[in-house]
Amino acid sequence: MSTQKAHDKTLWIETPLIRSTHLSTLLHCNVYLKLETFQPAQSFKCRGVSYFAQHALRTHGPDVHLMIASSGNAGLAAAHAANALGLRCTVFLPNGISQTNIDTIRRAGAEGVTEGDYYVQALQLARKTMQETPNAIMVPGYDNPVLWEGHASMVHEIKRQLPQGVKPDAVVCSFGGGGLAGGIIEGCKAVGWDDVPLVTAETHGSNCFYQTLSLNEGPFAGDAPRRSGTPSTVAHLTHLTSRASSLGASSPSPTVVRKALDRKGGVRSVCVTDEMTMQAAVHFAEDHKVLVELACAATLACAYNPNVLKKVVPEVTVGEDSTIVLIVCGGFKITLAEMEEYRRDLAADVATADGEWKVAYNGEMFTTPKIA
């Protein structure tokens, strides 16, 4: 591929937006799934990361060496983009990543380096190596406007793909460090959906965004006035306990936090249990024949537990007039063996005496019945 063609060619695909019969029936409204799991690198990361890689090629030339710290999915996206563009790529991963997943990244053409137990430690080594390596540039995992511009392309697609004249009552997405949310916020603003509520889903034990919102004026403070544009206080988690490893950012993007707090439609932050994500992943595989990571299933957990969605999006009414879009963000770190493990763990959890899961929503706690 010539350099000029590499600059111009879109390296992600337009993914399907389908109306889910199963979830629409369960929730008594129109539920659409944006299936980012069908991207070449199996997650939405393809969009922003490849867009950034092309920007790096245009800016620094064909000798640029891409470096990225990642828990897996952004690294695979960078490897695919670098391979398509003929660039070098090194991916820095925390030690918890399986050898199978490391091999997947290497097969895509990147060098894989492991360091530390958490993403932030892999990031520190990536930054040090970048400073010591000629022509190296850091590919951001989630905190960069070029990245958000690439991710925003999915919102433009959603608007084209929904029935004519339909505007969603809410968009629901998982939140790790904020790259996906940043893209959705920018995309919604571009297509005239800035007033559409954004629901972000995390898991207990990996909820840096939820913890950050609790430190700022905004949804947790009820009707307290918002000081638009002021710097945000950001939470820094020192220990991550959730099994949803792709949500494993220690802190969110401060800029995305500010954008979320300032948008007209606001942000609604939900934290669910790991078991709820397991339930959603199992049901989604049975209903839609697609495997998803627990991080992606955090979004689906809001839908597979109807009282959670009703609490979070009370505007949704029964019938054809209400529409919700769920971003099925994808992720390659899932196997059939893990799905069977989730099924067993879920059954064991549901069988315990405590028959309810705890859900956090904008500063309050409520419960939902455990359902296998």
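Helices (H or I, at least four residues) and strands (E, at least two) are DSSP runs, numbered from the N terminus. The model is predicted: local features need pLDDT of at least 70, side-chain atom pairs count only at pLDDT 80 or more, and totals for chains, interfaces and linings use all residues. Residues are numbered from 1 along each chain as its sequence is written, and side-chain values use heavy atoms, with hydrogens and water left out.

An open sheet of eight strands runs in the order E1-E2-E10-E7-E8-E9-E11-E12. Its pairing is mixed; two strands pair if DSSP finds at least two bridges between them. Strand E1 (17–19) and strand E12 (364–369) form the edges, each pairing on one side only. From one strand to the next, the twist averages 25°. Axes are lines fitted to C-alpha atoms, for helices over the stretch in contact, and angles run from 0 to 180 degrees between N-to-C directions. Strand E9 (residues 267–272) and strand E11 (residues 356–361) run antiparallel and are joined by two bridges. Val 270 has Tyr 361 as its bridge partner in E11. Helix H8 packs on this sheet and touches E1, E2 and strand E10 (323–328). Contact here means heavy atoms within 4.5 Å. The direction of H8 makes about 135° with that of E2.

The side chains of Lys 34 and Glu 157 meet at 2.7 Å, N to O. Lys 34 lies in strand E2 (residues 30–35) and Glu 157 in helix H8, so the pair ties together parts that are 123 residues apart in sequence. In total, the structure holds 16 salt bridges (a side-chain nitrogen of Lys or Arg within 4 Å of a carboxyl oxygen of Asp or Glu).

On a 1 Å grid over the protein atoms alone, a cavity is a set of points where a 1.4 Å probe fits but cannot get out, and a pocket is an open set with protein on both sides within 12 Å along at least five of seven lines; lining residues have an atom within 4 Å of a point. Grid points are joined across faces, edges and corners, and a volume is the space filled by probe spheres set on the points. The structure holds one cavity of 30 Å³ or more. The largest cavity has about 30 Å³ of space. Its lining consists of Val 155, Ile 158, Val 171, Ile 184, Cys 188, Trp 193 and Ile 327. Helix H8 (153–161) and helix H9 (179–191) each supply at least two of the lining residues. By class, this lining has seven nonpolar, no polar and no charged residues. Ala, Val, Leu, Ile, Met, Phe, Trp, Tyr, Cys and Pro count as nonpolar, Asp, Glu, Lys and Arg as charged, and the others, Gly among them, as polar.

The second largest pocket holds about 420 Å³ of space. Among its 19 lining residues, Tyr 119, Leu 123, Arg 127, Tyr 142 and Asp 143 are the closest to the centre. Helix H6 (residues 119–132) gives the most to this lining, with five residues. The lining has eleven nonpolar, six polar and two charged residues.

A further open sheet has four strands in the order E5-E4-E3-E6, with parallel pairing. Strand E5 (111–114) and strand E6 (136–138) are the edge strands. The twist averages 25° from one strand to the next. Strand E3 (residues 65–69) pairs with E6 over three bridges, in the parallel sense. Leu 66 has Ile 137 as its bridge partner in E6. Helix H4 (residues 73–85) lies across E3 and strand E4 (88–93), running at about 170° to E4.
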